[in-house]
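This briefing concerns one protein structure.

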Amino acid sequence: MVNFKRQNKRNKKKNTQILNKNWWENNPMSYDWENRNNYEKFSLEWFNYIDNNFIRDSNIYHSAFSKIPFDQFIQYSSINDKDILEIGCGYGFHTEMILKNSKPKNYTAVDITTEAIEATKKRLKLKNIIFQNVNLINADAENLPLKDESLDFIWSWGVIHHSLNTEKIINEIFRTLKKNGKFRIMIYNKNSFRYYILGLFRGIFKFKFLKKNLQEINMEYTDGYYARHFTHKEVKNLFNKSNLKITKIKNLQDALLIPFPGARIICKIKIFKKISDFIMKRYGWFLYFEGEK
């Protein structure tokens, strides 16, 4: 189990998004939890190491037949010749994935950090994925530098919950989507095993309830300067307020196993693996939804 443990004392004198940007610049999502990636930074081997870790943890989202990453969520042929936006490109895995499996009319990826934009540019160059219609922008999703009704499709995996003002990002999604434009998004699920069971365990047995509430306890073990968790109802209400329609919503396994220490060893026994899968498919940490304008 990975813990993103750090104290998260917000500085009221500074804008939260500035602190958020600084946090991600200093703690980029490299999926190298044990600091074993010793390859030269931004080299082909370095990117491959990151990707292999990510694919290993997310292969439950790939079709066994095609083995194309995330094809359970993106129908790649359906976004050909479309104007696409990716919110939060990170080190560029999803950018590469989409560009290799579809032919968008225009592809824009934004990220709050300069590190992510630099990395994604280098990734695409190393992989010889060069298109004139690809635009990588260092920008805040709360204020997208895009024209009204200019997008057909928006993709975002584990990003918009890191804004203190997620509602503003949702308004930007509405503003920039064309009529009948679609979106696919993943955020953190409040009704999850991780949020309640692990949160309560830490609060009670580690005495954290003496100083913090459940949300604050979860924040200590979550990546990002700030991270929100949402229920199905909260997501639907937020998007309905912005006149966006949720057409599908479900919980996802965020990992193959229950996030307890020693789970990988215990779940080598089939019965425990089945129990783990049963729980995580219903109470996983990820909340995935689709919708349209």
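Buried denotes a relative accessible area under 20%, exposed one over 50%, and partly exposed the range in between, with a 1.4 Å probe and protein chains only. By that rule Lys293, with a relative accessible area of 14%, is buried. The model is predicted: local features need pLDDT of at least 70, side-chain atom pairs count only at pLDDT 80 or more, and totals for chains, interfaces and linings use all residues. Residues are numbered from 1 along each chain as its sequence is written, and side-chain values use heavy atoms, leaving out hydrogens and water.

**Salt bridges**

- A salt bridge is a side-chain nitrogen of Lys or Arg within 4 Å of a carboxyl oxygen of Asp or Glu; the count by this rule is 21.
- Lys293 pairs with Glu149 in a salt bridge, with the closest N and O atoms 3.6 Å apart.
- This pair links distant parts of the chain, 144 residues apart: Lys293 lies in the segment after strand E7 (286-292) and Glu149 in the loop between E3 and E4.
- Lys41 and Glu115 form a salt bridge with their closest N and O atoms 2.8 Å apart.
- Here too distant parts of the chain are linked, 74 residues apart, with Lys41 in the loop between H1 and H2 and Glu115 in helix H4.
- Lys41 is partly exposed at 44% relative accessibility, whereas Glu115 is buried at 12%.
- Lys21 and Glu25 meet in a salt bridge of 3.3 Å, N to O; because they are four residues apart in helix H1 (residues 16-26), about one helical turn separates them.
- A network of salt bridges links Asp51, Glu96, Lys100, Arg123 and Lys127.

**Helix H3**

- Helices (H or I, at least four residues) and strands (E, at least two) are DSSP runs, numbered from the N terminus.
- Helix H3 (residues 93-101) is mostly covered, with seven of its nine residues buried.
- Glu96, a member of the salt-bridge network, is among the buried residues of H3.
- The cover over the buried residues of H3 includes helix H2 (44-58), helix H4 (114-126) and strand E1 (83-87), with contact meaning heavy atoms within 4.5 Å.

- Ile204 is found in helix H6 (residues 193-205).
- Ile204 is partly exposed, with a relative accessible area of 48%.

**Cavity**

- Helix H8 (232-241) and helix H5 (166-176) each supply at least two lining residues of the largest cavity, and H8 gives the most, with three.
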